[in-house]
Amino acid sequence: MGILYNRVADQLQSLIHEGVYREGERLPGVRVLSRQFGVSISTVLQAHQTLESRGYLEARERSGHFVRLARTETPMPSMARPKAQPLPVSARDMALDLCSVERNTLVPFGAAVPHPDYLPLRQIQQASIWAARQGLETLDYSFPGKPVFRRQLAQRMTSLGVLVAPVDIIATNGAQEAIILALRALTKPGDIVAIESPSFPGILQSLEIVGLRAIEIPVHPVDGISLEGLQLALEQWPIKACVVVPNHSNPVGVCLTDQRKQQLVTMLSEAGVPLIEDDIYGDLPHEGDRPRPAKAFDQTGNVIYCSSFSKTMAPGLRLGWVLPGRYFAEISQQKYFSNLATASLPQVAVARFLEQGGYDRYLRSARQQYRDATERMRAAVARSFPDGTGISKPMGGFVLWVELPKGVSGTEVFGAARASGINVAPGKMFSTTDKYENYLRLNCANPWTDRIDRATLRLGEIVHQQLAQTNR
Ligand SMILES: Cc1ncc(COP(=O)(O)O)c(C=O)c1O
């Protein structure tokens, strides 16, 4: 049923895009649409609601549903051209601030953390209670990971085209630890690492903590990381590793095609540079099948795959994993020396949840919820922000990357939003340069409430005010 109404909504949306239904026009009545699509009236009503939340329809009392397009055609943010030279990284302060403020005290558009309503809390609770009853099984060290957990992961990875055995997997404290372990194993302080630009701030922090320099490769809003840019950087600099989020990158939300993943993997393998793949949003596409990881194209063991359940189960589980490929010895050593092992209890609980089989069903509904929440937020931002704003169209995940009109500072907006009780992530956190000073990232994984609605309007007002000041 849920899938059916989304399909109807998608078809109507395409008809709107193709101009079959124009802005301001009334859609055919519910009965007509129900006959046309061969679905029930309640499915049509749900499709209407979905299109309203995506900003494509407006319900007028006793008159029906009318097409609205005006601001949903907002342009995408432009592709930045970062300085083509390696720079030291200093990303710590703002990121710590962003994550340490309490969720309930500020409107949570800042950190990319899903609202608990979206998470499978009941299943995690039940699995955790079950795990706690297993006694010693959950109380010993589990280096390099609990066999039950690694077996479940091996099954999931195999279904994505990555043929691994449980013994090829190391459990970690989230994806962030996996990335840091990989960087530590592959580099020494002062080395150069290629990253995406804009980049998830946690990757910048990981580089900073290991003392590395970043060379930023631009990300195109539709194609993803520029392979031409990466090739040039590989020719010019002694790059020791490359970190990429190929599926629904953070903050742009773009997903590389299989062909580009293949090219990325081949290019790096030929250059002898390991690829650290962060696939944390891979399970959350907005449309179609779960995309394959770049690791699925790896013939040589050159790809180090990192992921976690922070976006799909709960960030507080702190449960991730790494497939180190041919760097298994180095990375498992780093893991052991940094903290011996990942906590056993969450591994046993999550293995239980995966074994029980409800996870994929949960993911199907989570994908739709994140897509709807992101589109609703996108439409609200398009309506309330000034002309000249660009908004990403993410292919998965739940963040928006917003380019503010020229001259408006994301840092100033961040400050004014804080004073109004709203948290946002200012663009400057996403680079070692000041390239993204006029950008913001917004977390959309919040159920739509009056508070969220008002906060989006207030943000729009703040941006309008900042723009008026720059024009003075
Ligand atoms: C792209 C990306 N990688 C890694 C992380 C950190 O993940 P974890 O909580 O599993 O350490 C995040 C969290 O926001 C993220 O967005």
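Author: Two residues are in contact if their C-beta atoms, placed from the backbone, lie within 7 Å. This cut-off is applied here to a predicted model.

Reader: What makes helix H13 lie across strands, and which strands are they?

Author: Helix H13 (residues 359–384) lies across E13, strand E14 (399–403) and E16. Axes are lines fitted to C-alpha atoms, and angles run between N-to-C directions. By this rule H13 runs at about 20 degrees to E14.

Reader: Why are E4 and E13 said to stand at the edges of the sheet?

Author: The open sheet of 5 strands has the order E4-E15-E16-E14-E13, and its pairing is mixed. Strand E4 (107–109) and strand E13 (390–391) each have a single partner strand, so one side of each is left without a neighbour in the sheet.

Reader: How do you know that strand E15 pairs with strand E16?

Author: Two strands pair if DSSP finds at least two bridges between them. Strand E15 (residues 422–426) is joined to strand E16 (residues 439–443) by 2 bridges, and therefore the pair meets that condition. The two strands run antiparallel, and Pro 426 stands opposite Leu 440 in E16.

Reader: What makes E1 and E2 a hairpin?

Author: Strand E1 (residues 57–60) and strand E2 (residues 64–67) run antiparallel and are joined by 4 bridges. One of the paired positions is Arg 60, whose bridge partner in E2 is Gly 64. Between the strands of this hairpin there are 3 residues, and Arg 62 in the turn has a positive phi of about 60 degrees.

Reader: How do you know that domain 2 touches domain 3, and which elements contribute on the side of domain 2?

Author: The domain assignment gives domain 2 as 98–116 + 368–471 and domain 3 as 118–359. Under the contact cut-off, 22 residues of domain 2 are in contact with 25 residues of domain 3. On the side of domain 2, the elements that give two or more residues are H13 and E14. H13 gives the most, with 3 residues. By class, this side has 13 nonpolar, 7 polar and 2 charged residues. The centres of the two domains, taken over C-alpha atoms, are separated by 27 Å.

Reader: What makes a residue part of the shell around the ligand, and how many residues surround the ligand?

Author: A residue counts if its C-beta atom, placed from the backbone, lies within 6 Å of the molecule. The residues that surround the ligand number 14, and the closest are Gly 174, Ala 175, Gln 176, Ser 308 and Ser 310. Helix H7 (residues 174–186) gives the most to this shell, with 3 residues.

Key:
Residues are numbered from 1 along each chain as its sequence is written. This is a predicted model: local features need pLDDT of at least 70, side-chain atom pairs count only at pLDDT 80 or more; totals for chains, interfaces and linings use all residues. Axes are lines fitted to C-alpha atoms, for helices over the stretch in contact, and angles run from 0 to 180 degrees between N-to-C directions. Domain bounds come from an automatic or database domain assignment. Ala, Val, Leu, Ile, Met, Phe, Trp, Tyr, Cys and Pro count as nonpolar, Asp, Glu, Lys and Arg as charged, and the others, Gly among them, as polar.
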